[in-house]
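Here is a short report on a protein model.

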Amino acid sequence: MKKFYVTTPIYYVNDVPHIGHAYTTVAADVAARYKRLCGFKTFFLTGTDEHGQKVEKAAHSQGMTPKELADKMVVRFQDLWRRLNISCDHFVRTTDPYHEKAVQELFKVIQERGDIYLGEYEGWYCTPCETFWSEGQQLEGNLCPDCRRPTEKLKEPSYFFRLSKYQEALLRFYEEHPRFVLPESRLNEIVSFVKMGLKDISISRTTFSWGIPVPGDPDHVIYVWFDALFNYLSALGYGWNPSRFETFWPADLHIIGKDILRFHAVYWPAFLMSAGLPLPERVFAHGWWTVEGQKMSKSLRNVVDPHRLIDEYGADALRYFLMREVSFGLDGDFSHKAMAHRINSDLANDLGNLLYRSLTMALKYFRGEVPVPMKRGGKLEDLAHDVVRDIEGFMNQEAFNRALERLWDLVKGVNKYIDTQAPWNLAKEKRQGELATVIYNILEGLRVTALLVSPFMPQKAQEIWDQLGIEAKVEGASIDELRWGGLEPGVRVRKGKPLFPRLDEGAIVERVEKELADQEGPIEEEITIDEFAKVRLVVAQVLRAERISGSRKLIKLLVDTGKDRRQVVAGVGEHYGPQDLVGRRVILVANLMPAKLMGVESRGMILAAVWGDGMALPGLGEEVPPGAVVR
């Protein structure tokens with residue numbers, strides 16, 4: 001039997017599940033359900049990442065042990081996956097004993113091959129991203145290039161993995177397996193990164209204790225990314241369920257967000273090469289979601305909390321929207337307006353109305369019994385055959401939106417068939433044989449549609465089958481049942497409640513806009529005194545000022561910081577002229593990452609008080625020298 005092994009990344013246990021988590025997991029679920037439909041022996045894995053300094057800090061701040069925090073938080077993901085009808089075969093937690101045992105065993109295997117050695121790490125570490133960075137990789141001000149938050153300098157003994165040893169092997173692998181990373185643009189990024197040169201990476205820590213101990217050296221815990229990536233092996237049965245492991249490894253598809261591609265496309269295959277294990281078939285890195293046109297923030301997450309979306313629109317409608325709205329691999333924007341419109345147009349008008357009118361005619365003309373057709377389905381049958389074939393191609397490319405777009409050609413085709421065949425006229429003219437054929441073909445088109453849509457909307461697909469009078473469970477069906485003619489004559493249909501009630505799009509948009517307007521701003525994230533101390537505020541004196549051509553607000557300044565002279569762009573032009581600024585002392589954020597405003601580089605930010613339409617620069621006397629520190 002053919003096999004299929006698909007995974008999501010394991011999610012940080014102390015994260016709040018959001019639309020990005022739902023997107024990744026629904027995509028993996030759709031892939032798994034489709035492969036099961038096609039007769040593949042399928043294993044679908046998801047879970048949570050529960051180790052690392054970030055979890056330890058969060059637990060201690062709440063007066064809990066890390067394991068207590070993990071036990072409390074993990075249910076948020078498990079509950080959401082239940083509500084979204086996620087059909088995972090296993091939910092892994094990195095605190096599971098079998099995982100710890102497998103990671104330690106693999107650590108020893110790689111160490112025995114000479115690819116792990118003890119050294120000393122000195123560099124920069126981003127706790128939120130659980131990532132090490134070199135001096136050259138960071139942004140100015142020692143900021144993480146991924147999340148742009150401050151990193152901290154570490155110097156500690158560390159075990160290292162000889163990543164540099166695998167540079168050429170990785171490049172050969174990418175060349176021989178051009179579909180290992182998709183979309184293609186992501187593979188190009190990875191190849192460029194590896195060609196720049198790989199350095200050995202630190203894979204242990206000694207400054208915290210919440211992690212898997214290094215075998216034979218319990219003063220070290222295994223670096224969270226080394227630990228986490230091996231969940232794809234441990235949960236499958238490495239070291240404890242050899243039959244399952246041998247059946248399903250290597251993975252056929254890792255679905256991840258593009259922000260963690262390097263870990264999955266560089267580190268992970270290198271680890272596996274070292275361990276002597278086959279590499280995965282494919283890593284697919286999808287894009288990110290914005291919300292109502294904005295980068296996701298804590299306040300906006302309230303607007304798109306997945307639980308709220310399920311309550312408001314239903315799990316299957318949310319699943320459909322996520323898979324249909326955006327080409328998988330590209331960035332997308334979620335808005336309630338787009339969601340409501342998609343539900344009304346595709347689900348209520350096209351599919352829901354098709355089911356309603358089809359059952360109404362079956363009840364009216366044949367007392368609810370599926371009639372015996374006088375001949376095959378003709379052009380409608382041909383269309384269904386072509387749609388089944390095309391969807392297979394799209395699903396094998398993870399082109400979920402294109403698969404749904406093609407499926408809707410069948411939905412629209414059945415609606416058009418009704419209009420062109422006009423069964424009401426056939427009934428008037430008492431052409432019973434032709435009428436029976438038309439009604440049968442309409443109902444059969446719905447049966448095939450339900451089966452094809454079941455990976456995306458399993459609950460609604462079952463409702464369609466129930467209303468068609470099919471006793472079997474759609475989830476247990478096979479691809480063979482997509483052949484035309486599977487609906488048994490004589491079965492009695494039973495009309496149920498509307499599949500997708502129409503939504504008042506205007507009312508939804510008005511409510512969401514009001515909710516956003518009522519928010520006075522993003523919910524402020526509290527920071528520690530240590531985090532604040534990383535912001536360097538100094539007094540600077542303006543030496544020169546001039547307006548930037550084409551802008552009413554921006555003024556280019558040359559300032560003296562006491563240590564250097566630098567160019568800064570300030571958005572104060574509606575309240576101050578250049579002549580008002582020369583000689584003035586201002587407060588400067590001196591370690592801010594450089595940015596370009598209207599093509600002009602700014603190396604810092606001037607602080608000002610802002611209210612309504614007003615603005616004022618803080619007043620500092622001439623006795624305050626440039627370079628004085630503001631705390």
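## Strand pairing around Y125

In this predicted model, Y125 pairs with E152 of β7. Y125 also has a bridge partner in β6, namely F132.

The strands behind these contacts are β5, residues 116-126, and β7, residues 152-161. They run antiparallel and are joined by 10 bridges. β5 also runs antiparallel to β6, residues 131-133. Three bridges join that pair.

## Cysteines

How many disulfides does the structure hold? The count is zero. A disulfide is a covalent link between two cysteine sulfur atoms.

C126 has a relative accessible area of 0%, so it is buried, under the 20% cut-off. C88 has 27% relative accessibility, so it counts as partly exposed. That value falls between the 20% and 50% limits.

## The second largest pocket

The second largest pocket holds about 360 Å³ of space. Its lining has 18 residues. Nearest its centre lie G377, K379, L380, Y417 and Q421.

Which elements give two or more residues to this lining? They are α15 (378-395), α16 (400-421) and α18 (432-453). α16 provides the largest share, with five residues. By class, the lining of the second largest pocket has seven polar, six charged and five nonpolar residues.

Terms used:
Residues numbered from 1 in each chain as written. Predicted model: local features only at pLDDT ≥ 70, side-chain atom pairs only at ≥ 80, totals over all residues. Heavy atoms only, no water. Pairing = 2+ DSSP bridges. Helix = DSSP H or I, 4+ residues; strand = E, 2+ residues; numbered from the N terminus. Disulfide = S-S within 2.5 Å. Buried < 20%, exposed > 50% of the residue type's maximum accessible area, 1.4 Å probe, protein only. 1 Å grid on protein atoms, 1.4 Å probe; cavity = no way out; pocket = protein on both sides within 12 Å on 5 of 7 lines; lining within 4 Å. Points joined across faces, edges and corners; volume = space filled by probe spheres on them. Nonpolar A, V, L, I, M, F, W, Y, C, P; charged D, E, K, R; others polar.
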